[in-house]
Amino acid sequence: MRSIIKDGQVVTDSWTVLRPDEAGQLPEVASERDVVVPFAIWKAEPAMWQNRAGQVAVWLAPDDEPAELATHLASFPLVAVDFPAFTDGRGYSIGRLLRERYRYQGELRALGDVWQDLVHYLWQVGFNSFEIKEGKNLEDALKGFGTFSERYHSTWREPEPLFRRRNSRHENVA
Amino acid sequence: MYRYDEVDYRIVRERVEQFRDQTRRFLAGELSEDEFRPLRLMNGLYIQRHAPMLRIAIPYGHLASRQLRKLAHIARTYDKGYGHFTTRQNMQFNWPALERVPDILAELAEVEMHAIQTSGNCVRNTTTDAFAGVAADELIDPRPYCEIIRQWSTLHPEFAFLPRKFKIAVSGSVEDRAATLVHDVGLHVVRNADGEVGFKVIVGGGLGRTPMVGEVIREFLPTHHILTYLDAILRVYNRYGRRDNKYKARIKILVKALTPQGFAAKVEDEWLHLKDGPATLRDVDVAHYASFFNDPAYETRAANPEGFAAKLAEDRAFARWVEHNTRTHKQPGYRSVVLSLKKTGVPPGDITAEQMEAVADWSERFGFGEIRVAHEQNVILPDVKESDLYEVWQLARSQGFATPNVGLLTDIICCPGGDFCSLANARSIPVAEAIQRKFDDLDYLHDLGEIDCNFSGCMNACGHHHIGNIGILGVDKNGEEWYQITLGGSQGNHTAIGKVIGPSFAQADVPLAFEKIMNLYVEQRQDGERFIETVRRIGLEPFKERVYAKHH
C-alpha cells in the first residue's frame with residue numbers, strides 16, 4: 001500500500017500498477033490484488049482480465065488512443081495515464097478527451113513523473129488522483145493545487161472561460 | 001490599450017510567487033537542474049554565456065509609457081543599464097542574477113507585465129503588426145484578438161508541455177506586416193464573399209533549421225471561432241507532433257508528414273467536437289476586449305500643415321528622416337514615427353535606460369503615452385502630429401534614434417549572436433556593424449532603397465535570415481566563424497525563403513561581398529525596381545558570378 005493524492009487529500013491506495021519488463025512481460029500478481037494494466041496488454045485479451053478476483057483498471061501510455069477505450073470506459077472504476085517525463089504533455093489532452101468527449105466519470109489518475117508543479121494543470125484537465133513520483137513530497141504536491149486561484153480557460157473543471165464570466169459580471173452590474 | 005483587472009493582476013502575482021518558490025527550491029537542491037530548466041524557461045529565464053538572460057513579454061508589441069519606465073528602472077537596478085528588443089517584440093536583459101529574477105518579476109507585475117511563456121515548449125508571445133490600430137489599410141484591429149489569444153495561451157493547462165515552442169502571429173491589414181506565413185500559426189484577416197470579416201488560418205510556417213512557408217488550412221474562419229479552432233490545432237499538434245527529435249518537433253514537420261490536407265482534416269475533425277463550445281466568443285466578449293483599443297482623442301487636423309511642409313522643403317535631412325522613419329496614419333495630420341535602433345556602432349535592437357525614459361517622455365508629450373515595438377527591432381511612437389515632427393526629429397537625433405535608415409540595408413534585423421548567446425555559432429553584432437560602416441554614405445544607402453537585411457548567428461534563426469532580401473547566417477567551420485549569404489527571401493504577402501548563394505565567407509569578407517551584390521543590383525535594376533524585385537527577375541546566378549569571380 002502506498003500513499004497517493006486523491007481529490008486533494010493524501011490517502012492510502014490499494015491499486016498495483018503493472019508495468020511490463022524489458023521482454024514485455026508483466027510481473028506475477030495474486031489474483032485478488034487490484035491491478036492497473038497497460039491498455040495495450042488489456043485490449044489484447046480483455047476477457048482474460050475479467051476472471052480475476054481483484055478489480056482491473058487500465059493505464060494509457062502517451063501514444064495510446066483514448067477513442068479505443070471509449071466504449072469500455074464505464075466498466076473501469078479507475079483509468080490512469082502515464083507521464084514518462086513531465087515534459088511530455090500528451091497526457092493532458094488524453095485527460096480532457098476522456099472527460100469531455102468520452103464522458104468518463106470514474107477516477108482519473110496521473111502516474112509517472114508527477115509532482116507539485118504539475119498537479120494544478122492536471123486537475124484542470126480532469127485528473128483527480130495523483131501517484132506522486134518517488135522522492136517527491138506529497139505534502140508539497142498538495143500545495144500545488146492552490147498555486148492559482150483563477151484561470152482564463154475553458155477547462156473540464158470550469159467550462160466557462162474567464163471572458164464569459166467577466167462579461168456575465170458586467171451584465172449583472174448593468 | 002488593455003488594462004488588467006483584479007483577476008489579471010492576481011494571476012500574474014500568483015505566477016511570480018510560484019516562480020519565486022521554484023527558484024528557492026532549485027537553489028535549495030529540491031529541484032534538479034533537469035526539473036528546473038523547463039520551469040525557468042517557461043518564465044523566460046535562460047542560462048547564457050555570461051549570466052542568466054531574462055526575456056520579458058511585450059504582448060503584441062504594446063507598451064505604455066509607465067511600462068517602459070519600469071523597464072528602464074529594471075535595466076538600471078538589475079542589469080547593466082540597457083535592454084535588447086527581440087524579433088518577437090519582447091525585451092531581453094542579459095545580466096540579471098538568478099536569485100533576483102523573482103524580484104524583477106514582482107516589479108513587472110506592478111505595471112501589468114510578466115515573463116510568462118517567453119521561452120520553453122509552450123505558446124509564446126503573440127505578435128502582430130506594429131502599426132495595428134493606426135495603419136491606413138487595416139480591415140480589422142487585430143489587438144482585441146491578440147489580447148484574447150494572450151489570455152487563452154497564458155498558463156493553458158492542456159498545452160503547457162508541447163513538443164516544441166509555438167508561435168502565433170495575427171495580421172489585421174491587407175498587407176501582412178506580422179510575418180504570418182512564417183509562424184506556427186498565422187491568422188491573416190480576410191473578407192469573404194458576403195463581406196464578413198474572418199481569418200485565414202495558416203499553419204506550419206517557420207524558420208530555424210528547416211525553413212518553411214506556412215500552408216493555408218482554412219481560407220475563412222469566422223472571428224468568434226478562433227479559440228476553439230486554436231484548441232483543435234494545438235491538440236492535434238500536442239498529441240501527434242514528434243517528441244523523439246527536437247529538430248523535428250515543430251508543427252511544420254507534422255504538417256509536412258500528414259500533408260497540409262491531411263493535417264487540416266485532422267484539425268477539422270477535432271474542431272467538430274469543440275466548435276460552438278464555451279470558448280466560442282460572443283459579440284459581447286469581443287466588444288469587451290475591443291473597448292480597450294478605442295481610438296485615443298485625436299484632434300481634427302489637416303494633413304501636411306503649413307509649418308511641416310515648409311520644414312520638409314527647407315531641411316533635406318529632416319525630409320529624408322520623414323520619408324524613411326515615419327509612416328502614414330489613418331488619422332489626417334498624424335504620423336507614426338519609427339525610432340531607429342540601428343545606429344552604426346550600437347548592437348541592433350539595444351536600447352539604454354536613458355533612451356527608454358526619453359521615449360516614454362516623448363510618448364506622453366507628443367502622443368497618448370503609447371509605444372510599440374516592431375519585430376524589426378525598432379521602437380514606434382504611433383500617434384505624432386505632423387506639426388510636432390520637426391521637434392520629435394530633433395529630440396530623436398539627440399538620443400541617437402534618428403538614423404534615417406528604416407527599411408534600408410543598414411536597418412539590420414539581428415540576433416545577439418555569439419557575444420551573448422550560448423547557442424550561436426558566430427558573432428553577429430560586429431559583422432552587422434561592419435556592414436553598416438560599409439554603407440555609411442546616406443545618399444548611396446537611400447539610392448539602394450528598401451532592402452530587408454536579416455542576420456542570425458546560428459540556424460535557430462532568431463534574426464529571421466531566411467526572410468531577409470539579403471540574409472546572413474553564422475556557421476561554425478572547425479571552430480571558426482563563417483558567414484553564409486542568402487538572397488531572395490521576403491516577408492509579407494509574398495513571403496519566400498532565401499537561397500544560399502554559395503560557399504560561406506570569412507568575417508572580414510562579408511562587407512565586400514555585400515558591396516559586390518549591391519553594385520550588381522545597381523547595374524541591373526530597371527525602372528526603379530527594388531532590390532528584391534531585381535533578384536527575383538534575374539535570379540541568383542549573376543550575383544554568384546559577381547561575388548565569387550576570381551580577380552584577374
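The legends below describe close-up views of a predicted model.

Residues are numbered from 1 along each chain as its sequence is written, while chains are lettered from A and ligands numbered from 1 in the order in which they are written. In this predicted model, local features need pLDDT of at least 70, side-chain atom pairs count only at pLDDT 80 or more, and totals for chains, interfaces and linings use all residues; side-chain values use heavy atoms, with hydrogens and water left out.

View 1. A disulfide is a pair of cysteine sulfur atoms within 2.5 Å, and the count over all chains is zero. The cysteine sulfur closest to that of B:Cys122 belongs to B:Cys462, 15 Å away, which is too far for a bond. For B:Cys421 the closest one is in B:Cys458, at 6.0 Å, again too far for a bond. B:Cys122 is buried, with a relative accessible area of 1%, and B:Cys421 also counts as buried, at 17%. (Buried means under 20% relative accessible area, exposed over 50%, and partly exposed in between, with a 1.4 Å probe and protein chains only.)

**View 2. Aromatic pair B:Phe318 and B:Tyr390.** Rings of Phe, Tyr and Trp (its six-membered ring) pair if their centres lie within 6.5 Å; planes under 30 degrees apart count as stacked, over 60 as edge-to-face and the rest as tilted. By this rule there are 32 aromatic pairs over all chains. In one of them, the ring centres of B:Phe318 and B:Tyr390 are 4.9 Å apart and the planes stand at 75°, so the pair is edge-to-face. B:Phe318 belongs to helix H11 (residues 316–325) of chain B and B:Tyr390 to helix H13 (residues 389–398) of chain B, so the pair ties together parts 72 residues apart in sequence. Helices (H or I, at least four residues) and strands (E, at least two) are DSSP runs, numbered from the N terminus. B:Phe318 is buried, at 0% relative accessible area.

**View 3. Aromatic pair B:Tyr521 and B:Phe531.** This pair is edge-to-face, with 5.3 Å from centre to centre and 90° between the planes. B:Tyr521 lies in helix H16 of chain B and B:Phe531 in helix H17 of chain B, 10 residues apart. Both B:Tyr521 and B:Phe531 are buried.

**View 4. An aromatic cluster with residues from chains A and B.** One aromatic cluster is formed by A:Phe83, A:Phe86, A:Tyr92, A:Trp115, A:Phe127 and B:Phe161.
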